[in-house]
Amino acid sequence: MESVRAFFALEISDDMRRRIADLGKEIAKSGADVKVVEAENLHVTMKFLGEVPVSKIEEISAALQGMRIGRFELEARGAGAFPDRRMIRVMWVGIGKGAGEVTEVARNLDDALGRFGFPKEKRFVPHITVGRVRSQRNREALQNILDSHSQTVFGTTLVDRLVLKKSTLTGSGPVYTDLKVFPFE
């Protein structure tokens, strides 16, 4: 049975991508061991589904057609890390204005996808992943970057749709393809 690696995302504007990509360039120059996310792949991940049978995509899509969500402004603000600054594994840009709406979309997704056996998120934190840390080399440099961007505003964007994306892993990084688009009202 054919399957695809899939996830739901909110897309951001090209201007916001450029500004966050500049942060990624700063991280890359730090000498730390970080795989920075390519500018074209920056987004807000709403729900990672993993491998999904192609036959389920239409069924999942039909379940989401009834979701009524209004468009909203999203502000990318501040830099942080998971799990925390002492043990950095993922570097991210946070969501200021619009965080409540993003969290509501995540809750709606969890409710709609629960019937397909997808587990609910334990603790959803809206963010845009900027880089994945492979080792703690030059951790202090990363901490300094986080400190210097703790209040940086990376821009605002109108969020007007939810996108189901296919992720194809390649040697040079993932390639994302839109499978379905769910417009907001």
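1. Strands here are DSSP runs of E with at least two residues, helices are runs of H or I with at least four, and both are numbered from the N terminus. Under that scheme Pro83 lies in strand S4 (residues 72-83), and the peptide bond leading from Phe82 to Pro83 is cis, with omega near -5 degrees.

2. This is a predicted model, in which local features need pLDDT of at least 70 and side-chain atom pairs count only at pLDDT 80 or more, whereas totals for chains, interfaces and linings use all residues. Residues are numbered from 1 along each chain as its sequence is written, and side-chain values use heavy atoms, with hydrogens and water left out.

3. Asn138, in the loop between strand S6 (127-133) and H4, has a positive phi of about 60 degrees although it is not a glycine. Most residues other than glycine have a negative phi, and most peptide bonds are trans. Asn138 is partly exposed, at a relative accessible area of 37% (between the limits of under 20% for buried and over 50% for exposed, with a 1.4 Å probe and protein chains only).

4. Helix H1 (residues 14-28) packs with helix H4 (residues 139-148) at an angle of about 150 degrees, their axes lying 10 Å apart; the axes are lines fitted to C-alpha atoms over the stretch in contact, and angles run from 0 to 180 degrees between N-to-C directions. The two helices, H1 and H4, are therefore roughly antiparallel, a term used for angles over 145 degrees.

5. In the contact (heavy atoms within 4.5 Å), Leu23, Glu26 and Ile27 of H1 meet Leu142, Ile145 and Ser148 of H4.

Note on methods: Angles under 35 degrees count as roughly parallel, over 145 as roughly antiparallel, 65 to 115 as roughly perpendicular and the rest as oblique.
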